[in-house]
Amino acid sequence: MSGSWHLGRFANIDVRVHWTFLLVPLWIYFSSLAAGSGVAGATISVLFVLSIFACVLFHEYGHALMARRFGIPTRDITILPIGGVASLERMPRRPAHELAIAVAGPAVNVVIAAAIFLGFAILDPTAGAVTSFLSRLALVNVALVVFNMLPAFPMDGGRVLRSILAMTMPYASATRIAANVGQVTAVGFGLLGLISGNLMLVFIAGFIFLAARGEAMLATAPVRYDVASEARSHVAPTSCRDEGSSDAVKARLLNHPGPNFPDVRSLPIISSQWNAKNALGWLGSNSLEKFLVSSGGSVVGMINKSDLQRVVREGRGAMAIERLLALRIIPMQSLRSA
Ligand SMILES: [Zn+2]
């Protein structure tokens with residue numbers, strides 16, 4: 001992400017922090033001073049906010065390390081003022097994997113909160129600044145779990161819902177339903193925010209609504225999104241945001257305009273790492289005869305649906321498209337000849 005600094009590398013994943021994040025401790029410090037907290041109080045407030053972001057970072061590591069179990073690398077984790085983003089190199093291909101990856105983030109916050117509560121139960125500490133600090137941190141972790149697990153699509157809970165639905169129906173339908181549930185949830189949030197006069201809640205609701213609408217449009221558009229990156233992110237302490245990978249796909253397509261670019265743009269995209277059978281299943285009843293193939297984040301060419309069908313008929317459906325192309329079992333057309 002541009003405008004971010006490299007903070008370090010842990011478990012082979014680069015951690016970056018966006019420069020705007022600096023505004024958070026500054027804002028907390030000076031607003032605490034303005035509220036009459038004194039220098040000590042303001043410093044504790046800053047430490048508290050930094051601790052919350054550490055929990056958000058651990059949450060992102062939960063997603064990233066679970067994704068790694070399924071062979072999905074994470075490009076980096078970026079800390080933003082609104083939370084964190086773990087940029088996964090690609091989408092999980094199986095609903096069960098998506099489910100596990102989505103749950104792994106909030107699970108980290110459950111563990112943190114449980115560890116603090118358990119520590120209190122065992123050590124029975126006296127009331128004081130440290131106890132208060134830790135109990136508030138535990139409650140923030142509980143809040144992180146609750147908000148992230150709401151079934152509003154761009155949040156983890158929406159992904160959980162989509163992956164469970166996708167076990168029994170086509171992926172696009174599952175996404176559409178999850179996105180609709182997300183929009184309904186967002187409207188509920190918005191109303192709650194308006195009634196309670198909480199503008200932050202209204203803002204978050206608007207954000208979720210637009211993100212969910214983006215996902216719903218994505219699910220109905222012919223451009224499917226596996227391709228290069230899936231970014232997931234979390235607003236601390238209350239919500240989640242997603243960077244639409246469809247936009248990334250379209251941006252890349254814009255860098256590869258063929259002579260018939262407008263036609264090409266409307267074609268579905270599949271990953272070269274998929275096998276022929278999965279690719280056909282993904283395309284479903286799509287009536288289009290050609291589609292684009294992506295590799296390493298770029299669209300590399302175009303293949304015919306009929307070629308994939310032939311490969312499956314010949315019993316080679318389990319072969320990766322990459323390999324089918326390399327062995328010249330199926331021809332690839334360049335975008336120039338589209
Ligand atoms: Zn998450």
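This is a predicted model: local features need pLDDT of at least 70, side-chain atom pairs count only at pLDDT 80 or more; totals for chains, interfaces and linings use all residues.
Trainee: Start with H5 and H6. How do their axes cross, and at what angle?

Mentor: The axes of H5, residues 156-166, and H6, residues 171-196, come within 8 Å. They cross at roughly 145°. The crossing of H5 past H6 is right-handed.

Trainee: Which residues in H5 and H6 meet there?

Mentor: On the H5 side, Gly 158, Leu 161, Arg 162, Leu 165 and Ala 166. On the H6 side, Tyr 171, Ala 174, Thr 175, Ile 177, Ala 178 and Val 181.

Trainee: And by class, what does that contact have?

Mentor: Eight nonpolar residues, two polar and one charged make up the contact of H5 with H6.

Trainee: New topic. How many aromatic pairs does the count come to?

Mentor: Four. One of them joins Phe 21 and Phe 53. Centre to centre, those rings are 4.6 Å apart, with 70° between the planes. That pair is edge-to-face.

Trainee: Where do Phe 21 and Phe 53 lie in the chain?

Mentor: Phe 21 is in the loop between strand S2 (13-18) and helix H1 (23-34). Phe 53 is in helix H2, residues 38-69.

Trainee: Is Phe 21 buried or exposed?

Mentor: Buried, because its relative accessible area is 10% and the cut-off is under 20%. Phe 53 is buried too, at 8%.

Trainee: What about the rings of Phe 48 and Phe 133?

Mentor: Their centres are 5.4 Å apart and their planes stand at 85°, so this pair is edge-to-face.

Trainee: How buried are Phe 48 and Phe 133, as relative accessible area?

Mentor: Phe 48 has 10%. Phe 133 has 17%.

Trainee: What sits over the ring of Phe 48?

Mentor: The charged end of Arg 136, 4.4 Å from the ring centre.

Trainee: Last one, Ala 205. Where is its place?

Mentor: In helix H7, residues 199-220. Ala 205 counts as buried, at 4% relative accessibility.

Trainee: Which residues is Ala 205 in contact with, leaving aside neighbours within four places in sequence?

Mentor: Ala 186, Phe 189 and Gly 190.

Trainee: And how far apart are Ala 205 and Gln 183?

Mentor: In space, 8.7 Å, C-alpha to C-alpha. In sequence, Ala 205 and Gln 183 are 22 residues apart.

Conventions: Residues are numbered from 1 along each chain as its sequence is written. Side-chain values use heavy atoms; hydrogens and water are left out. Axes are lines fitted to C-alpha atoms, for helices over the stretch in contact, and angles run from 0 to 180 degrees between N-to-C directions. Helices (H or I, at least four residues) and strands (E, at least two) are DSSP runs, numbered from the N terminus. A crossing is left-handed if the near helix is turned anticlockwise from the far one by less than a right angle, and right-handed if clockwise. Contact means heavy atoms within 4.5 Å. Ala, Val, Leu, Ile, Met, Phe, Trp, Tyr, Cys and Pro count as nonpolar, Asp, Glu, Lys and Arg as charged, and the others, Gly among them, as polar. Rings of Phe, Tyr and Trp (its six-membered ring) pair if their centres lie within 6.5 Å; planes under 30 degrees apart count as stacked, over 60 as edge-to-face and the rest as tilted. Buried means under 20% relative accessible area, exposed over 50%, partly exposed in between (1.4 Å probe, protein chains only). A charge sits over a ring if NZ of Lys or CZ of Arg is within 6 Å of the ring centre and within 35 degrees of the ring normal.
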